[in-house]
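Please read each point with the coordinates open.

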Amino acid sequence: MSNVNRPRYESKIRPFIGNGNIKGITGIRRCGKSTIMKLVTSDIPGSNLIYLNMDHRSNWPYKDSALLDKYIHDHLVEDARNVLVIDEVQDIIGWEAEIRSLGFEECCDIYITGSNAHLLSGEYGTLLSGRVNLINAFTLTFSECLTFEREYKSERSVEESLNRFLRVGGFPKLWRYGYDEDACLQEVQDTLDMALKVDVFYRFKVTEPDLLERILDFFCDNIGNPTSVFNIYKALKKNDPSTNKDLVYSYVQYLESACLINKAKVLDLKGMVHLEKGYKYFLADIGIKNVRIGFRPTDISGYMENIVYLELRSRGYSVSIGDIDGKEIDLVGIKSNERVYVQLTEELTTSDVVNREFGNLAAIDDNYPKYVVTLKRGMFDNDMDGIHCTTLLEFLQMEKF
């Protein structure tokens, strides 16, 4: 089977081919980072490709950076365009110094992937300032799932595909193979187990894995609800008085670092500054919620928020929660000179719901696109005062907002 192109990411990397910078992709394990890098680097003209996937047992000796350095230099070809690709680079002991050294040596064009949200953001990232092109990758958006459906000849309708997406999420492997729902969720469970084991428990030497998993379940249970780490601590302490506050704070950071959760800050839409109050946390993939606590139709608004959050991030928007005079805007996406505001609700069932969803958006005094997005069509589905009303199915397939 051929790999399916993901142009949103490939187009962000291709302009930087051969520019002397280190090109990196971060994201949760198995979201497709290595495939994206392979698609980008496989057709570089006249290149000598040196490829190492640190998940493969045969490459484990090169987790020693000294052995890695020797391997790379032994495989350089004189007068060729040497291209180095390393998947899951954070598994290499002392990788930052090795990549920095190779970057300054300029012996090869360097591409790395990592399941670490803070890749090259510390000391070595500072030293390499201006010499790193780093992007975030996510699991498949719904429109990408439909591309996979067409590529692999699925007979599902678009509506059936959306229902599947809500239940199993967007890990690429689920959409490449014809798994039933149970097999899909087992695949998500296996992926989550690997991410927790390697990128959290092992990397951070976690001493209380049960506490960390209870924190993850809290996030699964509270998608779309404003919270803070202190509130998480208080909620956990009610059930277990021995809960350690410092560990809770640390474990939340570990989950963020492993790209398992994403934090969205509250943005004051009048002053355009982030507020120091409750955040919202979103999962790296909605399938994680379903394998941890099961699919719950009563949580559909949270599912929708998580899916649209990832949709906006995959399109290159930074995403915040909007605050306009105490009224909440579910999601605010900002990119360069673009901005989009989104309110999400399962259905516009009453005039009170209409007034709430449209009223919050109407309080924003600018001309950027504003959307009320519903899961189901209802009798109140109409555009109003320049605010667009659309379904989740339609919104996720829009080429431009």
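1. A residue is called buried here when its relative accessible area is under 20%, and exposed when that area is over 50%. That cut-off is needed for several of the points below, and it should be kept in mind throughout that the model is predicted.

2. On overall architecture, the protein contains 16 helices and twelve strands. Its radius of gyration is 22 Å, close to the 21 Å that the globule rule gives for 401 residues, so the protein is as compact as a globular protein of that length. The C-alpha trace, taken along its principal axes, spans about 70 × 50 × 45 Å.

3. Of the contacts with a separation of 6 or more, 68% are accounted for by residues 24 or more positions apart.

4. Helix H14 covers residues 300–314, and its 15 residues reach 21 Å from the first C-alpha to the last, close to the 21 Å expected at 1.5 Å a residue. Because 14 of the 15 residues of H14 are buried, this helix is largely enclosed by the rest of the structure. After H14 comes Gly 316, which has a positive phi, near 95°.

5. Where does Ile 25 lie? Ile 25 has its place in strand S1, residues 22–26, and it is buried, its relative accessible area being 0%. Leaving aside its neighbours within four places in sequence, Ile 25 is in contact with a set of residues that includes Ile 13, Ile 36, Met 37, Ile 112, Leu 119, Leu 134 and Ala 137, as well as Lys 33. The C-alpha atom of Ile 25 is separated by 22 Å from that of Phe 201, which is 176 residues apart from it along the chain.

6. Is Asn 116 buried or exposed? At 4% relative accessibility, Asn 116 counts as buried, although its position is in a loop, the one between strand S4 (109–114) and helix H5 (123–127). Again leaving aside neighbours within four places in sequence, the contacts of Asn 116 are with Thr 26, Arg 203, Ser 257 and Cys 259; Thr 26 falls within the residue range of strand S1, 22–26.

Technical notes: Residues numbered from 1 in each chain as written. Predicted model: local features only at pLDDT ≥ 70, side-chain atom pairs only at ≥ 80, totals over all residues. Heavy atoms only, no water. Helix = DSSP H or I, 4+ residues; strand = E, 2+ residues; numbered from the N terminus. Rg over C-alpha atoms; globule rule 2.2 N^0.38 Å. Contact = heavy atoms within 4.5 Å. Expected span 1.5 Å × (residues − 1). Buried < 20%, exposed > 50% of the residue type's maximum accessible area, 1.4 Å probe, protein only.
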